[in-house]
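Please look over the structure shown here, and then read the briefing that follows it.

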Amino acid sequence: MTVLDARDGIAPDLVAVATTRSSEARKRLTSPWASLAALVIAVLWTIPTFGLFLSSLRPERQVQRTGWWTFFANPHVTFENYGEVLFGGSQPLAGYFVNSILITLPSVVIPIVLATLAAYGFAWTTFPFRDTLFVAIFALQIVPLQVALLPLLEIFVGAGLNGTFWTVWMAHSTFALPLAIFLLHNSMRDIPAELVEAARVDGAGHVRIFTTIMLPLLKPAIAAYAVFQFLWVWNDLLVALVFAGGTSDVAPLTVRVAELAGTRNSDWHLLSAGAFVSILVPLVVFLSLQRYFVRGLLAGSVKG
Amino acid sequence: MPAVPSRRRSRTTGLVSGALGLCLVLAGCGGSNVAGGGGSQAGRGPECAAYTQYGDLSGKTISVYTSIVTPEDQPHIDSYKPFEQCTGAKVVYEGSKEFEAQLPVRVQAGSPPDLAYVPQPGLLSTLVRQTGAVKPAPAAVAANVDQYYPETFKSAGSVDGTLYAAPLGSNVKSFVWYSPKAFQAKGYTVPTTWDEMMALSDRIVAAGGKPWCAGINSGEATGWPLTDWLEDVMLRENGPQVYDQWVSHAIPFNSAPVSAALDRVGSVLKNPAYVNGGLGDASSIATTTFQDAGLPILDETCYLHRQANFYAANWPDGTDISENGDVYAFELPPINPAAPQTILVGAEFVAAFSDRPEVQAFQAYLSSPEWANEKAKAGTALGQSGWVSANTGLDPANLASPIDRLTARILQDQSNTFRFDGSDLMPAAVGSATFWRGMTDWITGKSTSDSLNFIEASWPGQ
Amino acid sequence: MTLLDKILQLLVAVAVFAAVLGVVLFVADRARGRRGALVQSLAFVAPAILLLLVGLIYPALRTAYQSVFDANSANFVGLANYARIFSQPDLLLVLRNTFLWVVLTPVLATAIGLVYAVLVDRTRFEALAKALIFLPMAISFVGASIIWKFVYEYRPNQQNIQQVGLVNQFLVWLGFEPVNLILQQPWNNLLLIVVMIWIEAGFAMTLLSAAIKAIPNDMIEAARLDGAGGFRLFFSITLPSIRPAVVVVVTAISIAVLKVFDIVRTMTGGQFGTSVVANEFYSQSFRLSDLGIGSSLAMILFLLVVPIVIYNVRQMRKVDAR
């Protein structure tokens, strides 16, 4: 979205300030104990996944009969599991990949744009019943999306949209809104009021304040939320199945990976490989968006 | 429990299927000799004779929604090819493991598939009564069911006296898996009565082994293999009449006959000397997946495993499943040797949500012997076993696997008394919920009376 | 559909969305005066509210309505569904479990995520270290359930049989008997909660790390000049500065926990005394087609979140009053 790139006004100076400061403040909290604690958490968190990774490289019989740690005593690597995952099905995996990407992109962009707008509306404009409405939206987070599947599908069937990507995009966008508005509203409120006031004095309207002040300052929050929305949509099975259906024309990667598990989820060796194939894209997204998190310095330096 | 479970084995499915389709069409159509109508149509060969009754369906599309996913879906898709080639219709197949939750949503939202393979009669009657969207079976299907299926299957596909769905695949649940090779080596013989089976168990214990292995873990359906156990023993302990009363709740779930049957199951599965070979103590039955539960037979850490014919699909590649092979199965023997043998069966059913002519034609095809044979041949060609139809027009010779042939023979044996899986017939609140949970609690230590009281209390409408 | 069709569909969607939004904002920007202010506000919130009305509010109201009807939504039954739920002996257990989940998961996941975010902040390996904790979030629930099977799985202590689960392997190495962990009530609930913490810590870490980065450097420098060490810095500067973010994270995780059922469904199927309200809701509504009971359970979930809503509203009032 082009709106996200708007960066005129005050932002450029802030970027400069921020970069010098971040390099300045590199040394703190580096006691050996702290490093050790971090290391322990990191290892604990990684071991289970590492076990899965090793399992994805082991032959089926060994996966069923012995623990993954015996790999070190008896290293036996096979790429058969990956071969089956990548080339095994009746449809090429690439098709599912394309579907996943087609489903995910609009399902991330649309709710983020709408939620950012709404968050601004609730945080910085006034209108009747504003706070009541906001609490209501906040409370909507708890509505389990399963409750909404049937009513939404009825509407889509009535509108003749059934079985297209449109329904999936709209469904994902709707389900994402309450949490997105809640998270982004919070970040919006953190922006110093003086900044907004100053812009208003200069004669800027809400649209201008939103595009020139809020969007640049909110990049880290938006990036963080985008990562999570991406993950939820990428890993979603239920919404895609209900609205798009499970045919290879529209089905995402998760449908294929779920099939890999066998009718009763017992083909661990294939599941391990499948899980790693589908994890790659989210990981790349996370790593590439990570640089935006550092810009969080912007908001702070203004406040201070 | 219904669904046809399996583990994926064949890696080549996708590659072979294309080439296979053609030869199946030729072989299938050519071998068919059931004349349906007058003469072959223009442009179609004589192998289509049996399909002329369905008319010209060119340009028509039929959607099928099922819970059957790869690799078991391939023989289904292959088996439609003769129909597609001869009538010109196109069948769109969609399989999903979320089928049971998805189907009601789609039906209620107004976008049902044309046909759905419903794995339990309980779900069928829920769909009929709650949505009213299921179409009664057309005359051609009713005629096929009357001609080719035992009465048990017909009544399981009917709701309130109206036939809605013909059976598709069927299975025999009253099987005990064992290893013929191990039996030969140790000098054991296949028991023909319950007492002989217990004597054999004691003999295995005396030789230092554990006779039985079992596992009931199946995700949210955990517990279903134990409901099959109880149903099988109910039939043998109390006879089919009491069984029917129990299933229809004419006698309470916690009445004396049920309690006696469950105690008999307990004499095997809760006996620490008998279970759980290679898997742990009796409570490990609750955490062992049903797919893995029989595998210790191959290692001879256990010798007996009661599970349906579809367990054939769970043995690893290269396992010899035959009378003298690595594994095979015998009928769970009767308790009273004088009583006729009763067989516990299950099936999935073809429910229609549309009465368009092409849908009814395809429905009729699926209930015909031609289809049952096509499906058998398609499965054989892919080297799959564990699938059988109860259609008496099925020629067992089309089934490659000895266990499938045995299953088909049992289903076609008129001297057998059949009873449908009771948990599939009970209200869903019991048959797909508290019955499973009650059995799971029972195997992890709850008493027989407490477990049965819990299930009885959950029976709706009291 | 060909690939081209699909991409075309995507481009059309993006174009339509951008066009609608552009027109709305353009009109809003032109609006002036007091009515103009209202138009501007509406331009910001109306698109989201519209979507929510159709996609969530209408279904929520329908659920409330269905909760006082029978399984087919045919006959009015008053509060009978609720009465039936609360008279079932299992439900107290389910409520207790849900309570355990909603208390332990948010607190522990947030604490671990926060500590970790502080520890790795501005270290050389920050990107890698964060990616490691983030990894579990990127794995689907089906994947997560296998991962933890390789941790909890039990095999008996017999010859020729090896442990497949890591925990039991450690027990065996230390000379203990292996334990069928997933059967040990009520501790098995904790085993499942650990999985959720493992997943959600990455969520907490990511958001809290972003908040920490927003703390002005001068504040930290000033505190350091005053001689504040790691702990004092954390409690006197870091924690107060990111308090609102912590509240947000705890809230978001609590709500996610109330709704989560995949972990329970895939790991125990709700057996062995581990079921939670969301899991019961799912099986009643979808597997057992009992809309009455299913909807009532959804309403109970809704009631459970009321205290969280009230707390957050109070927090917002406090912030507004600054």
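A residue is called buried if 20 or more other C-beta atoms lie within 10 Å of its own, exposed if 12 or fewer do, and partly exposed in between, with C-beta atoms placed from the backbone. This is a predicted model, in which local features need pLDDT of at least 70 and side-chain atom pairs count only at pLDDT 80 or more, while totals for chains, interfaces and linings use all residues. Residues are numbered from 1 along each chain as its sequence is written, and chains are lettered from A and ligands numbered from 1 in the order in which they are written.

**Helix α14 of chain C**
- Helix α14 of chain C covers residues 291–304, helices being DSSP runs of H or I with at least four residues and strands runs of E with at least two, numbered from the N terminus.
- α14(C) is mostly covered, since 12 of its 14 residues are buried, among them C:L291, C:I293, C:M299 and C:F302.
- The buried residues of α14(C) pack against α7 (145–159) of chain A, and also against α2 (33–66), α3 (80–87), α11 (243–259) and α13 (277–287) of chain C.

**Chain A**
- Chain A has 14 helices and zero strands, and buried residues make up 54% of its 304 residues.
- Of the contacts in chain A between residues at least 6 apart in sequence, 80% join residues at least 24 apart, a contact being two residues whose C-beta atoms, placed from the backbone, lie within 7 Å.

**Chains A and C**
- The contact takes 104 residues from chain A and 95 residues from chain C.

Conventions
The expected span of a helix is 1.5 Å times one less than its number of residues.
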